Amino acid sequence: MIALTTIPSRAVCRTVGAVYDARLRRFPRLVRIETTNACNARCVICPHGAMKRPIERMGDELFERIIDECAANDCVEIHMHNFGEPLMDKDLERRVAYAKGRGIPRVKIFCNGSLLDERRARGLLQAGLDELKISFDGATREEFEQIRTPLKFDQVVENVHRVVRLRDEMRRPMRVKVACCSTTDPKATMQTLEKVADGFSFGKIHNWAGGEGPSPESRVRKPCSRLWRTFTILASGEVALCCLDYDGRHVLGRVSAERTIREIWRDQPYDQVRQWHRTGRQENIDLCRNCTKSFL
């Protein structure tokens with residue numbers, strides 16, 4: 001017997017999936033490059049400690065090959081982060097500069113702010129970084145440090161103030177934004193940095209592709225837009241299903257001298273997962289079966 005939620009799920013997926021198909025580009029609009037999966041934090045809302053793949057740094061040859069291909073195919077946006085703290089990569093500034101030098105319109109990193117001292121802040125500004133987004137959870141010092149162990153509230157706040165001050169002194173256009181997904185009081189969280197940040201975003205805690213975290217509230221499925229617009233490359237060069245696949249369990253290919261992003265993007269493994277999503281059959285994909293991002 002077909003479950004009561006199956007019919008509306010498939011109707012939603014067909015309709016939305018058709019729109020995504022119509023907008024599918026020959027090359028991904030957004031490429032996420034995990035230059036390292038190392039992290040200096042053990043946040044209670046993140047499964048980094050459960051990750052089984054080795055901690056590594058992407059090699060320069062692979063990184064530059066990726067950027068060169070993105071530049072040649074008019075990629076709009078590069079994110080130099082995925083499942084790790086990007087500032088753990090000692091060459092991050094040089095890599096940002098390389099991407100900007102190759103003409104990538106928008107380069108962004110998402111970090112925890114703890115390593116953003118004056119030297120790193122100046123380096124990122126000089127490299128031409130377009131957006132710096134900082135994860136900042138908790139309404140008070142105590143709540144922040146309980147969630148973002150072992151980071152220190154005062155240090156992160158000081159680092160955010162400094163990078164904005166330097167940005168203004170150096171007359172750079174970089175945007176500095178703050179993201180929060182866990183707090184008892186959003187208003188109190190904003191008050192800490194609202195006078196310096198260019199913007200705030202508040203999201204919900206998700207369950208990391210069906211793993212740790214809350215269960216889906218809805219039982220009506222939707223196709224995940226990530227499969228049509230983003231491309232996630234792990235430090236090893238493997239292409240993960242999405243940014244929530246922190247252990248690289250569902251690999252869609254591997255970028256190398258023999259395999260390009262463009263080839264993988266339109267190859268059978270990617271087409272298959274898109275088909276399952278557009279037909280409401282996400283249960284065929286282990287990571288998507290109960291992922292909160294796969295439901296309305």
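Residues are numbered from 1 along each chain as its sequence is written, and side-chain values use heavy atoms, with hydrogens and water left out. Because the model is predicted, local features need pLDDT of at least 70 and side-chain atom pairs count only at pLDDT 80 or more, while totals for chains, interfaces and linings use all residues.

Helix 6 has 18 residues and reaches 26 Å from its first C-alpha to its last. This is close to the expected 26 Å, the expected span being 1.5 Å times one less than the number of residues. Its buried residues are Phe153, Val156, Val157, Asn159, Val160, Arg162, Val163, Val164, Leu166, Arg167 and Met170. Here buried means under 20% relative accessible area, exposed over 50%, and partly exposed in between (1.4 Å probe, protein chains only). The cover over these buried residues includes helix 4, strand 4, helix 5 (141–147), strand 5 (175–180) and helix 7 (186–193).

The loops on either side of helix 6 have backbone features of their own. In the loop between helix 5 and helix 6 lies Pro150, which is joined to Thr149 by a cis peptide bond with omega of about -5°. Just after helix 6, Arg171 takes a positive phi of about 55°, although Arg171 is not a glycine. Arg171 belongs to the loop between helix 6 and strand 5 and is exposed, at 77% relative accessibility. Elsewhere, Asp74 is another non-glycine residue with a positive phi, near 55°. Asp74 sits in the loop between helix 2 (60–72) and strand 2 and, at 60% relative accessibility, counts as exposed.

In soluble globular proteins, nonpolar side chains tend to be buried together. Contact means heavy atoms within 4.5 Å. With neighbours within four places in sequence left aside, Val31 is in contact with Ile66, Cys70, Cys75, Glu77, Ile78, His79, Phe231 and Ile233.

A cavity is a set of points where a 1.4 Å probe fits but cannot get out, and a pocket is an open set with protein on both sides within 12 Å along at least five of seven lines; lining residues have an atom within 4 Å of a point. Grid points are joined across faces, edges and corners, and a volume is the space filled by probe spheres set on the points. The largest pocket holds about 1200 Å³ of space. Of the 41 residues that line this pocket, Phe110, Ser135, Ala179, His206 and Trp208 lie nearest its centre. Elements giving two or more residues to the lining include strand 1 (30–33), strand 2 (77–79), strand 4, strand 5 and helix 8 (226–229). The largest share, three residues, comes from strand 3. The search finds one cavity of 30 Å³ or more. The largest cavity has a volume of about 100 Å³, and Cys224, Leu241, Cys242, Cys288 and Cys291 are the closest to its centre among the 13 residues that line it.

Charged pairs complete the picture. A salt bridge is a side-chain nitrogen of Lys or Arg within 4 Å of a carboxyl oxygen of Asp or Glu, and the whole structure has 32 of them. Asp89 and Arg95 meet in one, at 3.0 Å from N to O; Asp89 is buried at 1% relative accessibility, and Arg95 is buried at 1% as well. Both belong to a salt-bridge network that also links Arg57, Asp60, Lys90, Asp91 and Arg94. Asp130 and Lys100 form a salt bridge at 2.9 Å, N to O. This pair links distant parts of the chain, 30 residues apart, with Asp130 in the loop between helix 4 (118–127) and strand 4 (131–135) and Lys100 in helix 3 (residues 92–101). In a further salt bridge, the closest N and O atoms of Asp271 and Arg274 are 3.3 Å apart. These two residues lie three residues apart in helix 10 (residues 268–278), about one turn of the helix. Asp271 is partly exposed at 33% relative accessibility, whereas Arg274 is buried at 1%.

Note on methods. Helices (H or I, at least four residues) and strands (E, at least two) are DSSP runs, numbered from the N terminus.
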